[in-house]
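Subject: Structure handover and notes

Hello,

Here is the structure for you to look through. Please open it first, then read the notes below with it on screen.

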Amino acid sequence: MIVTVASFKGGVGKTTTAIHLAAFLQGYAETLLIDADPNQSALAWASRGELPFLVVDQWQASAVPTPHGHVVIDTQARPVADDLALLASACDLLILPTTPDILALDALALMVQHLAPLPIAPYRILLTMIPPYPSRAGAEVREMLTATGLPLLQGGIRRYAVFQKAALAGTAVYDVKDPKAELGWQDYVAIGREVLAYAPGG
């Protein structure tokens, strides 16, 4: 399947989500991550260590000789209208990560507005960087988005410093020696299982 991760705002866990969804999908079939972000954050992440899947930029993607069972695309923040239309129509699932804060939610609302007139694949909102208890920010934003009828993934990604450690080490979070590593990975495993439901024939 082809999964595109897109956002109108940076700093919402877009690349972290692309990396970890690719790591999850690699467990089911050969997976390719295409870094279509001019910042090349996914390529930088991969260059610092070792990931279990291939990461290429958008210009190299067509030259990759082996067929891949899954493709994850990490897009630039605030893609232009034509790019957004193409990305949204050429995938099996579009994932819109957002943090539970007002600026990110404003950007999410704007993106949903841009998607509305487009012939697109299904999209789902992913709540990321959810602050720990006793904060209810994650739960409150989930309730609000659900009330407006927007499609959310059931799982969410909690805010753990271990994801930054994984980015620095150039690995997936499960390879970091940290007490929170497994918890962070399990958040993405739950999301990955939801994502697989959108695979063709899934």
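Helices (H or I, at least four residues) and strands (E, at least two) are DSSP runs, and they are numbered from the N terminus. In these terms, T98 belongs to strand β5, which covers residues 93-98.

Before the rest, a note on the source: this is a predicted model, in which local features need pLDDT of at least 70, side-chain atom pairs count only at pLDDT 80 or more, and totals for chains, interfaces and linings use all residues. Residues are numbered from 1 along each chain as its sequence is written, and side-chain values use heavy atoms, with hydrogens and water left out.

The whole protein

The protein has seven helices and seven strands. Read from the N terminus, its elements follow the order β-α-β-α-β-β-α-β-α-β-α-β-α-α. Its radius of gyration is 16 Å, close to the 17 Å that the globule rule gives for 202 residues, so the protein is as compact as a globular protein of that length. That radius is taken over C-alpha atoms, and the globule rule is 2.2 Å times the number of residues to the power 0.38. Along the principal axes, the C-alpha atoms fill a box of roughly 45 × 45 × 35 Å.

How much of the protein is buried? Of its 202 residues, 51% count as buried. Buried means under 20% relative accessible area, exposed means over 50%, and partly exposed is in between (1.4 Å probe, protein chains only). The accessible surface of the protein is about 9600 Å², and 57% of that belongs to carbon and sulfur atoms. These areas come from the Shrake-Rupley method with a 1.4 Å probe; for residues, only the protein chains shown count as cover.

Contact here means heavy atoms within 4.5 Å. Among contacts between residues at least 6 apart in sequence, 75% join residues at least 24 apart.

Residues in strands

T98 is buried, because its relative accessibility is 1%.

T75 is in strand β4, residues 70-75. With a relative accessibility of 2%, T75 also counts as buried. Its contacts include T4, V5, A6, S7 and L87. A polar atom of the T75 side chain lies 2.8 Å from the backbone oxygen of V5. For a polar contact, a pair of N or O atoms must be within 3.5 Å; within protein, one must be able to donate a hydrogen and the other to accept it, and residues adjacent in sequence count only if both atoms are side-chain atoms.

M129 is in strand β6. M129 has a positive phi of about 50 degrees, although it is not a glycine. Its relative accessible area is 34%, so M129 is partly exposed.

Residues in helices

V195 sits in helix α7, residues 181-196. Is V195 buried or exposed? At 0% relative accessibility, V195 counts as buried. V195 is in contact with M1, V3, L21, L93 and I95. V195 and D92 are 103 residues apart along the chain, and their C-alpha atoms are separated by 9.5 Å.

A107 is in helix α4, residues 102-115. A107 is buried, with a relative accessible area of 13%, and touches F8 and K9.

Residues in loops

I120 is in the loop between α4 and β6 (123-130). Its relative accessibility is 28%, so I120 counts as partly exposed. I120 is in contact with A88, S89 and L115. I120 and D178 are 58 residues apart in sequence, and their C-alpha atoms are 39 Å apart in space.

Q40 is in the loop between β2 (31-36) and α2 (41-47). Phi of Q40 is near 50 degrees, which is positive in a residue other than glycine. Q40 is partly exposed, with a relative accessible area of 34%.

Which peptide bond is cis, with omega near 15 degrees? The bond from Y133 to P134 is. P134 is in the loop between β6 and α5 (137-147).

Regards

Terms used. Lists of a residue's contacts leave out its neighbours within four places in sequence.
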